[in-house]
Amino acid sequence: MKRIHLFEFEDLPWFPEWIRTCMTRLLNVMHRFLGSREDLVLLLTKIMERTGLHNIIDLCSGSGGPMPEVFTELQKRNQSANSSLLLTDLYPDLGFAAAINQTADNSISYRTAPVDATQVGPELTGIRTMVCSFHHMPPAIARGILQDAQRSRQPICIYEISDNSSPALLWWISIPVVFIMAFFITPFARPLTWRQLLFTYLIPIIPLCFAWDGAVSNARTYTLQDLDGLLDGLQSADYTWEKGVLTGKAKRLYLLGLPA
């Protein structure tokens, strides 16, 4: 397996939540730049047409991501009265959850109780999504997530904007590039807070952590060949797997699990 399980700052339990949130905002800027919303709309529409399901259970949501925007676009295109988006996490961001749950749109909500992606539970049925979070999981947990989706006969969509196809040396060279890039993309972060500005331009803690985690994300991403190893023994007649790479401004990897 090419994947290397190094640490990311945002995974550390002592890492300040406000820095993690600021980094998530930068990641959301990258999602908009790379066209993640369009990619996910395409993939999820395919799953919806195959399964007839229109409710989405987003796993490992953390402090936000592109899924609310993706869901809004799906609603415009599919016009389904039964569609819903439930954000979940093993360690829910209660502040972000409160902000989501207080909005007027009842079709989007954030579950404040912990949800383990390896044991989602029978009460949560629908299309499972993992956006730029699967690479955080070591192989045993990653396989457990796939097994649980198959065992529960629930569709799953895994999507990554990181790419582990290049030589590992290139990812470490990219650290200073991403560090500098953070200064340019910060003005596009929303909401743009005083902490985001202070700890980017005066005390550049956020760019440093963002650059390190970006490089490590690439090293931790499962390649298509790695996914073959995780899926070994999970192929069956009543549940199929489809993996591939989307090309454009960057390579984006996806894995779909579909009940027959």
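Good morning. The structure is a predicted model, in which local features need pLDDT of at least 70 and side-chain atom pairs count only at pLDDT 80 or more, while totals for chains, interfaces and linings use all residues. Residues are numbered from 1 along each chain as its sequence is written, and side-chain values use heavy atoms, with hydrogens and water left out.

I begin with the whole chain. It has 9 helices and 7 strands; these are DSSP runs, numbered from the N terminus, with helices being H or I of at least four residues and strands E of at least two. The radius of gyration is 18 Å, close to the 18 Å that the globule rule gives for 260 residues, so the chain is as compact as a globular protein of that length. Here the radius is taken over C-alpha atoms, and the rule is 2.2 Å times the number of residues to the power 0.38. Along its principal axes, the C-alpha trace spans about 55 × 45 × 35 Å.

Of the 260 residues, 51% count as buried. Buried means under 20% relative accessible area, exposed means over 50%, and partly exposed lies in between, with a 1.4 Å probe and protein chains only. Among contacts (heavy atoms within 4.5 Å) between residues at least 6 apart in sequence, 74% join residues at least 24 apart.

Let us turn to helix α5. This helix covers residues 139-152, and its 14 residues reach 20 Å from first C-alpha to last, close to the 20 Å expected at 1.5 Å a residue. The expected span is 1.5 Å times one less than the number of residues. Which elements do the buried residues of α5 pack against? They pack against the strands β4, β5, β6 and β7, and against helix α9.

At 0% relative accessibility, L146 counts as buried. Leaving aside neighbours within four places in sequence, L146 is in contact with F134, I158, L230, L231, L234, W241 and L255. Just after α5, R153 takes a positive phi of about 55°.

Next comes helix α6, at residues 168-185, whose 18 residues reach 25 Å, close to the 26 Å expected. Where does the kink of about 35° lie in α6? That kink is at S174, shortly before the proline P176. The bend at a residue is the angle between axes fitted to the seven residues ending there and the seven starting there. The buried residues of α6 are W171, S174, I175, V178, A182 and I185, and their cover includes α1, α7 and α8.

An unreviewed UniProt entry places the feature "transmembrane region" at residues 169-188 and 194-212. UniProt positions are given in the numbering used here, feature names are shortened, and annotations may be inferred rather than shown by experiment. In the model, residues 169-188 are 85% helix and 0% strand, while residues 194-212 are 89% helix and 0% strand.

Finally, the loops. P191 lies in the loop between α6 and α7, and the peptide bond from R190 to P191 is cis, with omega near -5°. C60, in the loop between β1 and α3, has a positive phi of about 60° although it is not a glycine. C132, in the loop between β4 and α5, also has a positive phi, near 55°. Is C132 buried or exposed? At 11% relative accessibility, C132 counts as buried, whereas C60, at 24%, counts as partly exposed.

Thank you for your attention.
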